[in-house]
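Have a look at the model first, then read on.

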Amino acid sequence: MFSRLFDRHLSRLFAALLIMSSAIAFSASAVRAQEYTAQEIVDSGHRFFGATSGGLATVIEKIFASYGLPNGYILGEEGSGALIGGLTYGEGTLYTKNAGDHKVYWQGPSLGWDFGGQGSRNMMLVYNLDDVSSLYDRFGGVAGSAYVVAGVGFTVLKNGNMLLVPVRTGVGARLGINIGYLKLTQGPTWNPF
């Protein structure tokens, strides 16, 4: 009797563990489904940047090797200029797999050894985005020539555990290195602070 009771409880325990492990595996794959693969990002970048995207795949590979899979990205345009102190203004659309598409604006000051101006098309990879509202904040970092291949370069900006990795290609003449931040907002504003 004890043996049958033990066997019945053991098989129920085994079934419960099997169901729990399946649920954990399913939820882990659901989280991964919200992230973008390197191929999805490269394809989107080629459509957005067009003929100027020769080094895009190399830059994306470098970013993915360093930071992994993003769970959102922004496609947009920006203009910036600097004479020691600089300003940047841009606008675009945030794309996510689970929270839809959202219009985004960004602006920010910079300070450093930095001269010139540029207009660029911009793809920002977004990492650790838990909620779209957490994107509307300031992201700081050091800008300059962090990595450049065939006119495509990227920098890394951080706020808490969230990362923005802007990938830029554009026209203009700008030389230098600076420290600053980008402030992302839901609506356009002239105030970069």
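## Layout

Helices here are DSSP runs of H or I with at least four residues, strands are E runs of at least two, and both are numbered from the N terminus. On that basis, this predicted model has 3 helices and 7 strands.

## Contacts and surface

How much of the chain counts as buried? The figure is 36% of the 193 residues. As for who touches whom, take the contacts with a separation of 6 or more: 70% of them come from residues 24 or more positions apart.

Most residues other than glycine have a negative phi. Against that background, two spots are worth a click.

Start with Ile84, which sits in strand β1, residues 72–95. Its phi is near 70°, a positive value in a residue that isn't glycine. Is Ile84 buried or partly exposed? Ile84 has a relative accessible area of 48%, and since buried means under 20% and exposed over 50%, Ile84 counts as partly exposed.

Then there's Asn128, found in the loop between β2 (101–127) and β3 (138–143). Phi of Asn128 is near 60°, again positive in a non-glycine residue. With 39% relative accessibility, Asn128 is partly exposed too.

Definitions and conventions:
Residues numbered from 1 in each chain as written. Predicted model: local features only at pLDDT ≥ 70, side-chain atom pairs only at ≥ 80, totals over all residues. Heavy atoms only, no water. Buried < 20%, exposed > 50% of the residue type's maximum accessible area, 1.4 Å probe, protein only. Contact = heavy atoms within 4.5 Å.
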